[in-house]
Amino acid sequence: IGKIGVFELAGVRFENPDVVFATGADGPFSDEYTAGNIGVGFLKSFRILFDYQRARVAFIRKDGAKP
């Protein structure tokens, strides 16, 4: 658990968020390319659209602003 300076997702900047770092030796967080997962605190500003057929995901800002 700690803080990072900035996290940006789909053009929205989150300043000094509290985060949890993935440090597990087993399971999905043991992959060397995985630093953690994106929690609801970040995602609540967006509607999330999954396009399974084309293997894409879109984060649409709820406030309608463009990045």
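This is a predicted model: local features need pLDDT of at least 70, side-chain atom pairs count only at pLDDT 80 or more; totals for chains, interfaces and linings use all residues.
The largest nonpolar core comprises six residues, namely Leu-9, Val-12, Phe-14, Val-19, Phe-42 and Phe-46. One of these core residues, Leu-9, is in contact with Phe-14, Ile-38, Leu-43, Phe-46 and Phe-59 when its neighbours within four places in sequence are left aside.

Phe-46, which belongs to the largest nonpolar core, also lies in strand β5, a strand that covers residues 46-51 and pairs with strand β6 (residues 56-61) in the antiparallel sense over six bridges. The bridge partner of Phe-46 in β6 is Arg-61. Four residues stand between the strands in the hairpin of β5 and β6, and in this hairpin Ala-55 takes a positive phi near 55°.

The largest pocket holds about 340 Å³ of space. It is lined by 14 residues, of which Val-19, Val-20, Ala-35, Gly-36 and Asn-37 are the closest to its centre. By residue class, the lining consists of ten nonpolar, three polar and one charged residues.

In the loop between β4 (18-19) and α1 (40-43) is found Phe-21. Because its relative accessible area is 42%, Phe-21 is classed as partly exposed. With neighbours within four places in sequence left aside, Phe-21 is in contact with Ile-1, Gly-2, Lys-3, Ile-4 and Ala-35. Although Phe-21 and Ile-1 are 20 residues apart along the chain, their C-alpha atoms are separated by 6.1 Å.

Terms used: Residues are numbered from 1 along each chain as its sequence is written. Side-chain values use heavy atoms; hydrogens and water are left out. A nonpolar core is a set of buried Ala, Val, Leu, Ile, Met, Phe, Trp, Tyr and Cys residues joined through side-chain atoms within 4.5 Å. Buried means under 20% relative accessible area, exposed over 50%, partly exposed in between (1.4 Å probe, protein chains only). Contact means heavy atoms within 4.5 Å. On a 1 Å grid over the protein atoms alone, a cavity is a set of points where a 1.4 Å probe fits but cannot get out, and a pocket is an open set with protein on both sides within 12 Å along at least five of seven lines; lining residues have an atom within 4 Å of a point. Grid points are joined across faces, edges and corners, and a volume is the space filled by probe spheres set on the points. Ala, Val, Leu, Ile, Met, Phe, Trp, Tyr, Cys and Pro count as nonpolar, Asp, Glu, Lys and Arg as charged, and the others, Gly among them, as polar. Two strands pair if DSSP finds at least two bridges between them. Helices (H or I, at least four residues) and strands (E, at least two) are DSSP runs, numbered from the N terminus.
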